[in-house]
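Try each task before reading its solution.

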Amino acid sequence: GSGTVEGAVEWLDQHSEDADIDEPVALVPKNAGVAQSYKCNDCGKVLSSMANLELHANKTGHSDFEESTVAVKPLTAEEKKAKVEEIKALLKAKRSEREEEEKQQNIQLEKQRRFMGQEMIKTREELEREQRKRDAMLRKREKDAAKRERERLRAELAKDKLERQANKGKLKTALGADGYNPSAVQYDVGGAGDGASPAPAKKFKADPQKIDEYIKKVSSYRAGGDGQKCLKILLAYVGNVVDKSDEEKFRTINMENKAFKTKVKPFLGAKALLVAVGFKQTEAGDALVLKEDADRNTLKETKEKLEKAYASY
């Protein structure tokens, strides 16, 4: 019943005809059937509270629990102390295990760092070794090229000497297209020694569309840096008429002075470039004069091209 008098009367009314109505009622202990703990069905351990149940589940992974009427006996002071010591020992072991794992990881990381450093050093040394080989090969090619050029020049000079001896100091050959050719330099044609007068100047034509080709031909003279010296003189001639167009003296190039005869005249493409930008040879053949209708844009563009060629020589 509900524990009241009315409930007792109602129960008696319902069970008055029962055979055992007059037998004594057995007393049930107050705590009988009340859940006082939790039992793990996986391992049989009895747990005193929900907190201990959750701790046990997290630690063991067990998940099958039920309520139990078994009362868990409280731990004595000695048992609590022993339990605390046990937990401390477990924590210490876990900490030592973690520290050992971290130590091993650090050792592996250090080994990997040293290995990568050694590999980088090997790679850098290999690259430097390959670069030294390429530099050595380049120097050897340049040295061989210079040697071949010297031998060619000696052969040309010997040839010119024999030709001059056979023709009373005159040369009949012309400038070749394969590089510097001393036999083409006609310094003494018509000069003293044979009584002949200078030959009349020939009309020389050049195409402004081939200025790049002329510069390339001059740049191809590598022996002794002759091509660079010629580019420097050409840049001075063209640069003066571009930058100082109001000064008349820069509009005339003396073909008889030493700079022109030794650094411009012998090289294929040099004179052609000057004519292409607007210079015209005089009737006497001793000078180049800038024409009044010379194209200023062509002069400026040629100056820039000469600067680049000189810088990259």
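**Exercise 1. A serine and its surroundings**

In which helix does serine 219 lie? Decide also whether serine 219 is buried or exposed, and list what it touches beyond its sequence neighbours.

Solution. Bear in mind throughout that this is a predicted model.

Step 1: Find the element. Serine 219 is part of helix 4, which covers residues 211-219.

Step 2: Check the accessibility. The relative accessibility of serine 219 is 17%, and the cut-off for buried is under 20%, so serine 219 counts as buried.

Step 3: Look for contacts. With neighbours within four places in sequence set aside, serine 219 is in contact with Leu231, Ala309 and Tyr313.

**Exercise 2. The overall layout**

How many helices and strands does the protein have, and in what order do they run?

Solution. 

Step 1: Count the elements. The protein has 8 helices and 6 strands.

Step 2: The order is α-β-β-α-β-α-α-α-β-α-α-β-β-α.

Step 3: Of the 313 residues, 22% are buried. Among contacts with a separation of 6 or more, 61% are between residues 24 or more positions apart.

**Exercise 3. A histidine in helix 2**

Is histidine 56 buried or exposed, and which residues is it in contact with once neighbours within four places in sequence are left aside?

Solution. 

Step 1: Histidine 56 sits in helix 2, which spans 50-60.

Step 2: Histidine 56 has a relative accessible area of 9%; buried means under 20%, so histidine 56 is buried.

Step 3: List the partners. Histidine 56 is in contact with Cys40, Cys43, Lys45, Leu47, Gly61, His62 and Phe65, leaving aside neighbours within four places in sequence.

**Exercise 4. The second largest pocket**

Which residues lie nearest the centre of the second largest pocket, and which element gives the most to its lining?

Solution. 

Step 1: Start with the space. The second largest pocket holds about 640 Å³.

Step 2: Name the lining. There are 18 lining residues, and Lys45, Asn52, Leu55, Lys83 and Ile87 are those nearest the centre.

Step 3: Assign the lining to elements. Strand 2 (46-47), helix 2 (50-60) and helix 3 (77-166) each give two or more residues. Helix 3 gives the most, with 7 residues.

Step 4: Sort by class. The lining has 8 nonpolar, 3 polar and 7 charged residues.

**Exercise 5. Salt bridges along helices**

How many salt bridges are there? For the pairs glutamate 126 with arginine 129, lysine 140 with aspartate 144 and glutamate 213 with lysine 217, work out the spacing and the accessibility of each partner.

Solution. 

Step 1: Take the total. The count is 13 salt bridges.

Step 2: Examine the first pair. The side chains of glutamate 126 and arginine 129 form a salt bridge at 2.3 Å, N to O. These two residues are 3 residues apart in helix 3, about one helical turn. Glutamate 126 is partly exposed at 33%, and arginine 129 is partly exposed at 34%.

Step 3: Move to the second pair. The closest N and O atoms of lysine 140 and aspartate 144 are 3.2 Å apart. Both residues lie in helix 3, 4 residues apart, about one turn of the helix. Lysine 140 is exposed at 53%, whereas aspartate 144 is partly exposed at 29%.

Step 4: Finish with the third pair. Glutamate 213 and lysine 217 form a salt bridge, with their closest N and O atoms 3.3 Å apart. Both belong to helix 4, 4 residues apart, about one turn of the helix. Glutamate 213 is partly exposed at 36%, and lysine 217 is partly exposed at 29%.

**Exercise 6. The largest nonpolar core**

Which residues touch the most other members of the largest nonpolar core, and what is leucine 299 in contact with?

Solution. 

Step 1: The core has 33 residues, and Leu234, Phe260, Val264, Leu274, Phe279, Leu299 and Leu306 touch the most other members.

Step 2: Find their elements. Helix 4, helix 5 (226-243), helix 7 (270-277), strand 6 (287-290) and helix 8 (296-311) each give two or more residues to this core. The largest share, 9 residues, comes from helix 5.

Step 3: Zoom in on one member. Leaving aside neighbours within four places in sequence, leucine 299 is in contact with Val238, Val241, Val242, Val277, Leu290 and Ala294.

Technical notes:
Residues numbered from 1 in each chain as written. Predicted model: local features only at pLDDT ≥ 70, side-chain atom pairs only at ≥ 80, totals over all residues. Heavy atoms only, no water. 1 Å grid on protein atoms, 1.4 Å probe; cavity = no way out; pocket = protein on both sides within 12 Å on 5 of 7 lines; lining within 4 Å. Points joined across faces, edges and corners; volume = space filled by probe spheres on them. Nonpolar A, V, L, I, M, F, W, Y, C, P; charged D, E, K, R; others polar. Salt bridge = Lys/Arg side-chain N within 4 Å of Asp/Glu carboxyl O. Buried < 20%, exposed > 50% of the residue type's maximum accessible area, 1.4 Å probe, protein only. Core = buried A, V, L, I, M, F, W, Y, C linked by side-chain atoms within 4.5 Å. Contact = heavy atoms within 4.5 Å.
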